[in-house]
Amino acid sequence: MILKHLGDNRRKERGFTMVELLVAMAITAVVMAAVYTLYKTQQDSYIAQDQVVEMQQNVRASLYQMARDMRMAGFNPQRAPNVGGFVTQLPDDGGGTTTTNATNIAFTIDQDSNGVIDIDADDEQIAYRLDNATGALQKFRVSDDTWQTVADNISALDFVYLDLNGADITVPVRDTPTALYATTNLPYIDSIRSIEMSIVARTGRIDTSFGGTPAYFNQQGVEILAAQADHYRKRLINTTIFCRNLGL
């Protein structure tokens with residue numbers, strides 16, 4: 001009698017069959033795959049947006065610094081001759097790497113209002129350039145003749161120089177004869193009154209789900225960066241800077 005009851009209990013307590021286990025495992029796998037795919041998509045989206053935000057903050061901060069400096073170009077409260085303005089080479093650029101053209105810019109400011117451009121004064125002799133090899137936007141430091149990184153991950157930097165009438169004089173500015181600081185002998189570079197600046201920044205990491213970017217153009221319609229399929233997200237920022245201390 002007791003054995004009969006034990007047999008009945010065993011039949012009532014049967015486990016899952018192999019087929020039931022396989023079906024359960026298959027359903028679990030499908031659900032987990034869907035959860036992982038959703039998580040991966042959300043994670044990739046978050047990383048991409050974080051990269052874009054970092055890129056925009058990077059380029060806007062550098063743009064603000066450059067625009068602030070360029071607005072002061074030509075500051076010369078003493079009205080001293082040959083003091084303040086755009087130059088083909090900074091007075092204390094021993095290496096001769098500073099210049100003013102479509103991709104580089106150099107200028108001076110009489111920051112302390114003493115009527116001269118002080119030797120090795122980093123706040124009175126200013127230049128910017130893009131190091132194409134590293135993608136670094138750099139500012140020249142005359143105190144030790146070195147270029148310091150202002151921003152990373154910059155794909156293009158472009159300057160268009162305009163005269164009093166808004167005419168593009170970038171080409172004659174580029175072809176201005178080289179001189180250290182005889183600004184009165186440089187009519188084209190002395191004619192600059194405003195600057196159109198274009199910066200193309202990219203994200204710090206590639207996004208394999210993102211194909212590439214189209215060509216980018218400055219405000220004159222000139223291509224400054226060709227279309228690229230390098231998986232980097234990019235942003236173009238254009239701005240016009242009016243040099244309020246020039247032509248006074």
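**Entry 1: starting point**

Where is the place of P172? I looked it up and found P172 in helix 3, which covers residues 170-174; helices here are DSSP runs of H or I with at least four residues, strands are DSSP runs of E with at least two, and both are numbered from the N terminus. I noted that this is a predicted model, in which local features need pLDDT of at least 70 and side-chain atom pairs count only at pLDDT 80 or more, while totals for chains, interfaces and linings use all residues. I also wrote down that residues are numbered from 1 along each chain as its sequence is written, and that side-chain values use heavy atoms, with hydrogens and water left out.

P172 is partly exposed, because its relative accessible area is 21% and the scheme calls a residue buried under 20%, exposed over 50% and partly exposed in between (1.4 Å probe, protein chains only). I then checked P172 against Y188, which is 16 residues away along the chain, and the C-alpha atoms of the two are separated by 6.0 Å.

**Entry 2: the nonpolar cores**

I next looked for nonpolar cores, meaning sets of buried Ala, Val, Leu, Ile, Met, Phe, Trp, Tyr and Cys residues joined through side-chain atoms within 4.5 Å. The largest of them has 34 residues, and those with the most contacts inside it are M66, M70, F86, I105, F159, I195 and M197. At least two residues of this core come from each of helix 2 (18-71), strand 2 (105-108), strand 3 (125-131), strand 6 (154-162), strand 7 (194-202) and strand 10 (234-242). Helix 2 gives the most to this core, namely 6 residues. I also found a second, separate core of 7 residues, which includes L90, A127, V142 and W147.

Strand 1 and strand 2 pair in the antiparallel sense over 2 bridges, and G85 has T108 in strand 2 as its bridge partner. Strand 2 is joined to strand 3, also antiparallel, by 4 bridges. I traced A106 to its bridge partner A127 in strand 3, and F107 to I126 in strand 3.

**Entry 3: T98 and its surroundings**

I then moved to the loop between strand 1 and strand 2, where T98 lies. T98 is buried, with a relative accessible area of 3%. Its side chain makes a polar contact with the side chain of D93 at 2.7 Å, where a polar contact is a pair of N or O atoms within 3.5 Å, and within protein one must be able to donate a hydrogen and the other to accept it, while residues adjacent in sequence count only if both atoms are side-chain atoms. The side chain of T98 also reaches the backbone nitrogen of L90, at 3.1 Å. Leaving aside neighbours within four places in sequence, T98 is in contact (heavy atoms within 4.5 Å) with residues including A106, A127, F140 and W147.

**Entry 4: two loop residues with positive phi**

Which value does phi take in D120? It is positive, about 60°, although D120 is not a glycine. D120 is found in the loop between strand 2 and strand 3 and counts as partly exposed at 39% relative accessibility.

I noted a positive phi in D145 as well, near 55°, again in a residue other than glycine. D145 lies in the loop between strand 4 (136-141) and strand 5, and at 34% relative accessibility D145 counts as partly exposed.

Finally I looked at 3 strands that form an open sheet in the order 6-7-10, with antiparallel pairing. Strand 6 and strand 10 stand at the edges, each with a single partner strand, so one side of each is left without a neighbour in the sheet. Strand 7 and strand 10 run antiparallel and are joined by 9 bridges, and S198 stands opposite N238 in strand 10.

How values were computed. Pairing = 2+ DSSP bridges.
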